Amino acid sequence: MNTRNIEILVGAFVVLAVIAMVMLSLKVSNLASYGGDDDSYEIQAQFDNIGGLKERSPVSAGGVRVGKVSAITYNNKQFTAVVTLQIEGKYQFPVDTSASILTAGLLGEQYVGLGPGGDEENLVAGGEIDITQSALVLEQVIGQFLYSKAQEE
Amino acid sequence: MIFDNIDMDIERSKVTAIMGPSGSGKTTLLKLIGGQLKPDSGSVFVDGENVHQLSQSALYDLRRRTMGMLFQSGALLTDLSVYDNVAFPLREHTTLPEAAIHHLILLKLEAVGLRGARHLMPAELSGGMARRVALARAIALDPQMIMFDEPFTGQDPISMGVLVKLIHDMNQALGMTAVVVSHDVNETASISDYIYVISDGKVVQSGSPEELKHSDSAWVKQFLDGDADGPVPFHYAAKPLIDDLMGGIKSVRS
Amino acid sequence: MIADKVLNKLQQIGYKTLSRFNRVGRASLFLWQVLLSLPYVIQRPRLLVRQLYYVGVQTLLIILVAGLFVGMVLALQAYIVLVDFGAEESISLMVSLSILRELGPVFTGLLFAGRAGSALTAEIGLMKSTEQLSGMEMMAVNPMKYIIAPRFMAGVIAVPLLTSIFMAIAILGGYFVATEMLGIYEGVFWSQMQNNVDFYDDVINGMIKSLVFGFVVVWIAVFEGHDCMPTSEGLGQATTRTVVHGSLAVLGLDFILTALMFNV
């Protein structure tokens, strides 16, 4: 094996590894969505209960992914969870838009679904969504069901 | 303990032989001279420098300037061709242009008669050829002294003759100091100026080949003549045969 | 009598313990010397490229084949479990997370120890037993710089590269099984993955693991080769030790790194 062939093969090996890394960062993971932060804006929404929502959970409107959850904090005065939504710049929503925490499938992951309102004014960076609907927590639903059954009897 | 109170002088531009039976530590002695092993006590001076007091870089410098070593196996780098093996010390230690290196390599290989074999790989060489290539490599930087570790062992008579001639020629033509470690009596005696005979960690006798031939030590006589029995007995130490045999029967019976 | 036997046993245990520590000490010193020799390698990229060929390119085939099959079998197993919950669309998530976080680095580390690590030990050990290392020292060339350091550096570079190739091919294998055999939609496969795989938490952590594994496995391999008894028996033992210790080190370190990285 002469030096030239060895160097060609090593070059091919390194190129292959670089392609693999590009695939891992862009196709497999969410690195691309890190890069698109520039033209995105953040809005906030308060929920009584966010269920299993996590940072980086998707935000969608009408089934289309429009952004992600960038931060989750707890407001210690109003006792609500404050969820910061990072919305891509190309999507605009009216100020009376509603946000609800939904579940994909019966046991799937949770996401924030936006229901656009009818106002002419749009939400801007730092804006807040007033109409929110908390996550459906299965235990609470079952509990309420049993309670109402017991009252009937 | 391998050596006990050994004192040797190796003269410049002479062939000095160190002879002794297998396992007497001859190779260890070479490694001490080359600084690859450190003695528990004592010192080795090469070209006026105490080998074991030097820092690593000074030791490497001393080796490059003064020492070449021919290992028993040749120690050629197996992934380099004959040509590149000889080129190795030149490329590592000099800034000569490749054209000059090329000429030097051809001259060194010509000296050992293997210019035509320069494209072969070490695996394609016979044992004798490998040693000759290693010799060409050892003299590539024109060291003052070359150490030969068992140069004749396992060689057919022709390669042995070639190596004897080469060592002799290098010494005569280039004035290189040679240290030959060997137990091949006749070949070594034929080229050396001075011989040390060591055994059990001590210098048993030293002198010119002539002097040793007329040695009155029975041990040296046996070693030089290759007698089967003598001061070094044929039998490994054991109790008398008859006791061993009878003892064996007794233990079977009981 | 019995007291004697107990004392002998104790001495034996003591001796073994001491020689273990001695060995660890030598290995650490050895590593220090190798690290000091690394600048020399940077001046001679040719040496490095050659070793990258031996440890990298020659390990590539086994990595490709193993990665493909691991990815495919993971997709099948994930399907069998997830289909009961109607969540078979999450196949890609299960495949990608287990590959990126665990199987990619660990498998590559184990395969590397078996394929390239053992070859490194055997090669260096053979050089030692044929006096090539001594010969080099006598030519005033430090074998640490010329032989050991390029091999060490090539190994440390090659393992993360091999790991990323393993990860990519395994995910492609899973993709093939999921879409062609199990009927998952292509878009669902990739979007599920992208929504849940985090670049820093999953991909980068996996690569850090592989860097650590590569470092340790190559260290063990070159040390065993350099430290072996220069006989055919010693060589065999050293090669075996490289594979056994290298593999155990990968698995043990994987546990520690996982515990550290994922805050369990």
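## A tour of the chain contacts

Of the two pairs of chains in contact (heavy atoms within 4.5 Å), chains A and C share the most contacts. This is a predicted model: local features need pLDDT of at least 70, side-chain atom pairs count only at pLDDT 80 or more, and totals for chains, interfaces and linings use all residues. Residues are numbered from 1 along each chain as its sequence is written, chains are lettered from A and ligands numbered from 1 in the order in which they are written, and side-chain values use heavy atoms, with hydrogens and water left out.

**Stop 1: chains A and C.** Select both chains. Here 27 residues of chain A meet 33 residues of chain C. The pair buries about 2700 Å², 72% of it on carbon and sulfur atoms. Buried area is the accessible area (1.4 Å probe) that two parts lose on being put together, summed over both. Now pick A:F13, A:L24 and A:V28. In chain A they lose the most area to chain C, together 24% of what that side buries.

Next, show A:E7 and C:R46. They form a salt bridge, with the closest N and O atoms 2.6 Å apart. The rule (a side-chain nitrogen of Lys or Arg within 4 Å of a carboxyl oxygen of Asp or Glu) finds one salt bridge across this interface of chain A and chain C.

Color helix 1 (3-28) and helix 2 (31-35) of chain A. These are the elements that give two or more residues to the side that touches chain C. Helices here are DSSP runs (H or I, at least four residues), numbered from the N terminus. Helix 1 of chain A supplies the largest share of that side, 17 residues.

**Stop 2: chains C and B.** Move to the other contact. It takes 16 residues from chain C and 23 residues from chain B. Chain C and chain B bury about 1900 Å² between them, 55% of it on carbon and sulfur atoms. Select C:E131, C:M138 and C:M139. They supply 38% of the area that chain C buries against chain B, more than any other three residues.

Then find B:E92 and C:R44. This salt bridge has its closest N and O atoms 2.9 Å apart. On the side of chain C that touches chain B, look at helix 4 (132-138) and helix 5 (143-181) of chain C, the elements that give two or more residues. Helix 4 of chain C gives the most, with six residues.

**Stop 3: chains A and B.** Show this pair alone. Chain A and chain B do not touch; their nearest C-alpha atoms are 11 Å apart.
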